[in-house]
Amino acid sequence: MIVERIMKKNVHTLLPTDTVEQALLLMEKNGIRHIPIITDTQQLAGIVSDRDVRNGLQAALHGNKMRDDLQQPLSKVMKTNVLTGHPLDFVEDVAATLFDYRIGCLPIIQDSKLVGIVTATDLLYTFVQLTGANLPASQFEVKVENITGKLAEVTSILSKRNLNILSVLVNPHQDEKYKILVFRVQTMNPTAVIKDIKNEGYEVLWPNLPGVTS
């Protein structure tokens, strides 16, 4: 899946000359934590987060330097060395970037202009959808040899039960000779299919059903 399919295109932005107070109000009004800072030509100049403007909020609460702190331009508090993505980047790559750099969002740039933004929340929602974790289902894990064709073999066992597969993940095993297939299937009682898989000689790691997988 590419980023263009999940990014927010209606991005709330401000200018470098706008104030910390404006950023705080915009965040509060729209329930957002990041605001890209753009130029008059829609080019990305920087980004501010709720953390960046928190000092302004604290000043407002204490009172003394409230106006000075809240009226300072965003150019003084924004981050300018901003990581960005492209609409055709893969969602998995964007997720890896957010994880590796410990950031909460990624502005999306095309032809040198801001066209969208992806947040960690957007990615989490997307992966929930992709894995079917939001749907009633059963999950089980099957240990297979790390060779071609094993996924097809196991899915063929499921197809004999007419089970709808919501998602399949391939996880590494501590022994590189094997891998773990994680299935989510649309059934609330996986006992029969787990028994089928076991009878075909595969090891079911989860769930451990008494009399079926042991």
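D196 forms a salt bridge with R161 (a side-chain nitrogen of Lys or Arg within 4 Å of a carboxyl oxygen of Asp or Glu), and the closest N and O atoms are 2.6 Å apart. D196 belongs to helix 7 (residues 191-199) and R161 to the loop between helix 6 (150-159) and strand 6, so the pair ties together parts that are 35 residues apart in sequence. Helices (H or I, at least four residues) and strands (E, at least two) are DSSP runs, numbered from the N terminus. D196 is partly exposed, with a relative accessible area of 21%, and R161 is partly exposed too, at 41%. Here buried means under 20% relative accessible area, exposed over 50%, and partly exposed in between (1.4 Å probe, protein chains only).

The model is a predicted one, in which local features need pLDDT of at least 70 and side-chain atom pairs count only at pLDDT 80 or more, while totals for chains, interfaces and linings use all residues. Residues are numbered from 1 along each chain as its sequence is written, and side-chain values use heavy atoms, with hydrogens and water left out.

In total, the structure holds seven salt bridges. One of them joins R33 and D50, whose closest N and O atoms are 3.3 Å apart. R33 lies in the loop between helix 1 (20-30) and strand 1 (34-38), and D50 in the loop between strand 2 (44-49) and helix 2 (54-62), so this pair ties together parts that are 17 residues apart in sequence. R33 counts as exposed at 53% relative accessibility, whereas D50 is partly exposed at 25%.

Another salt bridge links E145 with K150, with 3.8 Å between the closest N and O atoms. E145 is partly exposed, with a relative accessible area of 40%, but K150 counts as buried at 13%.

The surface also carries a nonpolar patch, formed by L151, I165, V168 and V170, with about 270 Å² of accessible area together. Patches are made of residues with over 30% relative accessible area and no salt bridge; like charges are joined within 9 Å, and nonpolar side chains (Val, Leu, Ile, Met, Phe, Trp, Tyr) within 5 Å. The areas come from the Shrake-Rupley method with a 1.4 Å probe, and for residues only the protein chains shown count as cover. Strand 6 (residues 165-172) gives the largest share of the patch, three residues. I165 lies in this strand and is partly exposed, with a relative accessible area of 31%.

A charge meets a ring at K143, whose charged end sits over the ring of Y178, 4.3 Å from its centre. Such a placement requires NZ of Lys or CZ of Arg to be within 6 Å of the ring centre and within 35 degrees of the ring normal.

Turning to annotation, UniProt places the feature "domain: CBS" at residues 7-66 and 78-138, in an unreviewed entry. UniProt positions are given in the numbering used here, feature names are shortened, and annotations may be inferred rather than shown by experiment. For residues 78-138, the end C-alpha atoms lie 46 Å apart, and the span is 38% helix and 23% strand.

Finally, Q42 is found in the loop between strand 1 and strand 2 and counts as partly exposed at 37% relative accessibility. Q42 and L106 are 64 residues apart in sequence, and their C-alpha atoms are 16 Å apart in space.
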